[in-house]
Every structure is written in C-alpha cells, then in structure tokens.
Amino acid sequence: MINGNRIKDVILEASKILDTTCEESLREARILMRECLQVDDAELILRLEAPCSRSVREQFSEMVARRAKGEPTAYVVGHKEFMKLDFLVEKGILIPRPETETLCEWVIDQAPEKAKILDLFTGSGCVGISIAHALEKSSVCCVDISEQALEIVKKNSMRLDMGKRVQTVQADLRATWPFQENSFHVITANPPYIPTRDIAKLEKDVKEYEPHLALDGGEDGLVFYETIAKNAARILKTKGILAVEIGIGQADDVVRIMKNYLVDVQVIEDLQDIPRVVIGYKKKPDYTGHRGRVKERAITGGLEHFQEYELLELLLFYTTPQKDTKPKAKELLREIGSISELIDMALEDLMTAGKMTANSALLFSVIREVMQRYNREKWAEKPVLATCHDVGRYAVDNIPNEKVESFYVICLDTQRRVIKMVKVAKGAVDYAPVDKREVTRIALRTEAKSVILAHNHPGGNLQPSQADIELTKELVRALEANDIDVIDHVIVGGKGEYFSMEQGGFILQ
C-alpha cells in the first residue's frame with residue numbers, strides 16, 4: 001500500500017511508481033486519486049493538504065498497481081471523456097480517442113438537424129451518441145459485432161439521457177448489412193484500420209489490453225472500407241453523407257475506394273493537420289452546376305449587378321459546401337432585412353434559433369471585423385473633418401454596431417484633423433453615463449483645439465433624446481471653459497445613418 005499522510009504525498013509517491021510506465025505519471029496519478037475521492041480537478045486541488053485515509057490509500061494503491069502493469073487509465077477508472085461527455089468503458093471496449101472528435105465535429109456541423117444516423121463499429125457508442133447529443137432532434141443506430149460493446153452503448157445512452165434516441169444492432173458487417181435502402185442521412189464509421197503486421201508495434205497498454213477485433217484492419221488496414229462505401233451508397237438517402245476515420249497514410253487509398261461508390265469525396269484534417277476523416281456523398285448535389293454559374297458570373301461580370309440574396313448566397317457557398325444556399329440566403333434576408341444588418345449582428349445572435357451554422361456565423365463576424373479594421377486603417381492618416389458630412393461618415397465608419405449605447409469623443413487639432421478617438425462610456429440600451437470631467441481631461445491631454453461628440457443609438461432611432469440635448473449643452477459649457485470648441489454631436493444608428501446635432505441646431509457656440 002502506498003504510504004503518505006496527506007493526499008498530496010500519496011499522489012507524489014504514486015507518480016514515482018508510474019514514472020517508468022507513463023509519460024505523464026503525475027497527471028495520471030491525479031486522475032486516479034480524483035476517481036478515488038469522486039471529485040473534480042478543482043476540488044482535488046483544495047484537498048491536497050488534507051489527510052489521506054487508509055481506505056482511500058488502499059483503493060488508490062490497487063488502481064496504481066493496475067496502471068503500473070500497463071492497464072490503460074480509462075479501464076482502471078471505468079470511463080473516458082469524449083466530446084465533453086463521459087462514456088463508460090471497460091476491457092474489451094475500444095477506448096475513445098481525442099482525434100476521433102474530428103469526425104464528430106464535422107458531422108455535427110454538416111448533418112441535418114433531424115438526421116437519422118448509422119454509427120458503424122460503434123464500440124462504446126461515443127461517436128454516434130455524441131453526434132445525436134449535439135443534434136437534439138436526431139436519432140442514431142449503433143452497430144457492432146460485439147454484444148459486450150452494445151451493452152455498454154445502452155448504458156451510455158441511458159446515463160446521458162439518450163435512451164429514446166439510440167438503437168443498437170448486432171451485426172458482422174463482413175457478412176451482412178441488415179438495413180433498408182435510402183434509410184439514413186449520415187453514416188459514420190471508425191473501423192479497425194491498423195495493418196495486422198503493425199499490431200505488435202503498438203504501445204503495451206493498447207496491444208495487450210484493447211480489443212484486437214476493434215484494431216486489426218487486415219493486411220493493409222483497409223479491409224473494411226470497400227464494404228462500407230459500397231453499402232453506404234445503397235442505404236444512404238439522396239445527398240446523404242458517409243464519414244469514416246482513417247489511419248495515418250491511408251487517405252489516398254480510402255479516397256480511391258470511396259470514389260468508386262460516392263461523389264464529392266474529400267479529406268478532413270485533424271488539429272495536427274493530419275488527414276483523419278474521409279467523407280463522401282451518395283449523389284452529386286443538383287446545385288453544383290448552379291454554383292459554378294454563379295461564380296462565373298461574379299468573375300466575368302463583377303458583383304455590382306448581383307441582387308442582395310445572390311451576394312449572400314455566394315458568401316454561404318464557402319461555409320456550406322454541400323447544401324443549396326439560395327433558400328437560406330432568402331430566408332435570412334426576410335428575417336433580418338439586409339446584408340448590412342446581418343453583418344452587424346453579434347456572433348451569438350447569428351447562431352440563435354438556428355439562423356445559421358457556427359461556421360457561417362463566424363464568417364460574418366470575421367467580415368465585420370475586417371471592415372472595421374479597414375475603416376480604421378483608411379482613416380489612420382489623420383483625416384480632416386471639414387464638413388458635417390465628413391464628421392458623419394467618420395463616425396459611422398468608426399463606431400461599431402453594439403447592443404448598448406457607447407459614447408465617444410473625437411479630438412481634433414487646429415486644422416480639424418483627427419488626433420484621437422476615445423470611448424468615454426458604455427452603458428445600457430438607451431443610456432451611457434458620461435463623466436464631463438473625463439471628457440475634458442481627454443481633450444486637454446490630447447491638446448485638442450476642438451472635439452466632436454458621438455454616440456450610438458442601438459435601436460436605430462436617430463432623434464436626440466432630451467437627455468442627449470442636456471448632456472450636449474453641459475459638455476459645450478465645460479469644454480468652452482477650457483477654450484475647446486464642440487464642433488458637432490453625432491448620433492449613429494443602423495444602416496450607415498447618422499444625425500448631426502450641429503445641423504439640427506442643437507450646438508450653440
């Protein structure tokens with residue numbers, strides 16, 4: 001039994017025992033202790049100085065001994081995290097790997113919301129259950145030759161409250177495919193893909209503990225891909241997706257196999273830029289030719305004659321590779337109003353209520369940021385704001401669209417060139433508290449000879465409120481006392497519109 005008075009001491013002793021077996025012995029010792037105490041990382045840190053009871057040391061010592069012999073940590077503790085979900089595993093069940101999350105993330109992003117999913121070689125069920133968990137209106141059928149694996153799938157689906165949306169089927173896919181034609185929107189597979197000759201070269205904790213049935217992919221590691229692709233072409237719905245995980249160096253071979261049965265076959269890389277997943281579609285989408293024609297029009301004729309929905313459709317091509325984007329473009333314009341209003345929306349609002357995928361929402365957020373940086377660089381050469389129009393355009397280009405009211409002071413030199421633009425206050429939807437002394441300090445610190453006041457109205461109403469008028473008068477008096485003129489107070493709304501209080505007669509020098 002491992003000795004030590006405090007929990008910290010016991011963990012350190014265990015890490016020394018594991019040092020010859022594990023590359024990250026201290027981390028693994030902490031995982032085992034966390035399991036013994038049934039606490040998370042934060043709680044474990046708080047308890048490191050606490051006494052370690054004999055019963056805990058006995059349980060911990062048994063777990064450390066198993067790990068020291070080479071048994072995988074996931075088998076020792078009985079579960080493994082995958083896609084931020086906790087899956088039960090045991091000896092005889094393939095342990096979920098982080099790289100397999102690449103397959104799940106891609107499918108979640110591309111699959112229809114109500115997808116019927118077939119998960120082959122399911123093991124613990126981590127792939128199929130994770131995808132169905134993310135797509136809340138979908139269902140999954142998990143298939144494996146192992147009865148033990150299917151029992152674990154049932155347990156995992158129940159503990160994740162997925163029992164009603166998860167089915168299991170036991171089948172030897174080398175001999176039988178008990179599924180009807182045109183049944184599934186998505187088929188996923190993480191088949192055995194390690195060449196038989198390479199099994200003996202695997203790490204001890206893999207080759208001696210994990211099931212060879214889930215590892216051995218035959219002489220070249222490719223034995224299952226042909227039958228998967230062939231049957232997927234039969235049982236997928238039109239435009240249905242097949243997504244399979246592959247081993248290192250297998251991408252070209254798997255692509256070649258899948259192209260015999262599917263179309264638009266592509267390789268997806270993982271976070272280490274390693275080809276990890278190959279995807280293909282049952283039938284070439286009927287809008288592929290349309291996309292080509294739209295792009296040709298843009299290249300040869302320019303974009304100025306495009307209707308607004310066509311511009312939006314073209315943008316969505318780059319984040320929605322396998323769907324018709326025209327209906328989505330028109331739907332977004334009906335709901336939101338215009339491309340400019342769409343670009344002005346916050347990332348979280350774009351994703352709310354399924355308006356668009358995370359990739360599409362991110363694209364529009366990137367476009368907004370690029371536009372803002374372009375405008376900042378465009379105006380970086382100290383522009384002269386000689387007219388009310390110059391003032392208004394500068395304010396529109398440089399004040400971001402926000403959900404709350406923000407107040408700015410734009411400091412000018414004697415030639416009315418911009419010295420600096422400073423955000424003074426940020427508040428609620430219809431109010432931003434402005435400190436008059438702070439505005440004065442900013443103007444004096446920048447040696448401004450005059451200033452422009454500016455703030456946004458998130459609701460789009462350009463008319464100044466009574467509070468806006470009173471604040472303007474107070475700031476004019478405060479700044480005039482320091483020989484600083486207030487040139488204008490600009491209110492910025494949506495759609496590139498603004499209101500000049502100087503033109504409206506509210507600025508009286």
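Seven strands make up an open sheet with mixed pairing, in the order β5-β4-β3-β6-β7-β9-β8, where helices (H or I, at least four residues) and strands (E, at least two) are DSSP runs numbered from the N terminus, and two strands pair if DSSP finds at least two bridges between them. The model is predicted, so that local features need pLDDT of at least 70 and side-chain atom pairs count only at pLDDT 80 or more, while totals for chains, interfaces and linings use all residues. Residues are numbered from 1 along each chain as its sequence is written, and side-chain values use heavy atoms, with hydrogens and water left out.

**Strand β4 and its surroundings**

- Strand β4 (residues 139-144) is largely enclosed by the rest of the structure, because five of its six residues are buried, that is, under 20% relative accessible area, against over 50% for exposed and partly exposed in between (1.4 Å probe, protein chains only).
- Strand β3 (residues 116-120) runs parallel to β4 and is joined to it by four bridges; L118 has C141 as its bridge partner in β4, and D119 has C142.
- Between β3 and β4 the chain passes through helix α7 (residues 126-134) in a right-handed β-α-β crossover, meaning that, with the strands pointing away from the viewer, the path from the first strand over the helix to the second runs clockwise.
- Helix α7 is itself mostly covered, with seven of its nine residues buried, namely C126, V127, G128, I129, S130, I131 and A132.
- β4 is also joined to strand β5 (residues 166-170) by five bridges, the two running parallel, and C142 stands opposite T168 in β5.
- A right-handed β-α-β unit is made by β4, helix α8 (residues 147-159) and β5.

**The five-stranded sheet**

- Another open sheet with mixed pairing is formed by five strands in the order β11-β10-β12-β13-β14.
- Its edges are β11 (418-426) and β14 (498-500), each of which has a single partner strand, so one side of each is left without a neighbour in the sheet.
- Here the twist averages 20° from one strand to the next.
- Strand β10 (residues 406-412) and β11 run antiparallel and are joined by seven bridges, with I410 standing opposite M421 in β11.

**The β1-β2 hairpin**

- Strands β1 (residues 79-82) and β2 (residues 85-88) run antiparallel and are joined by four bridges, with E81 opposite D86 in β2.
- The two strands form a hairpin with two residues between them, and M83 in the turn has a positive phi of about 55°.

**A nonpolar surface patch**

- L347, M351, L362, V366 and V370 form a nonpolar patch on the surface, with about 400 Å² of accessible area together, as given by the Shrake-Rupley method with a 1.4 Å probe, only the protein chains shown counting as cover for residues.
- Patches are made of residues with over 30% relative accessible area and no salt bridge, nonpolar side chains (Val, Leu, Ile, Met, Phe, Trp, Tyr) being joined within 5 Å and like charges within 9 Å; a salt bridge is a side-chain nitrogen of Lys or Arg within 4 Å of a carboxyl oxygen of Asp or Glu.
- Helices α16 (347-351) and α17 (358-378) each supply at least two residues of the patch, and the largest share, three residues, comes from α17.
- V370 lies in helix α17 and counts as exposed because its relative accessibility is 52%.

How values were computed
Axes are lines fitted to C-alpha atoms, for helices over the stretch in contact, and angles run from 0 to 180 degrees between N-to-C directions.
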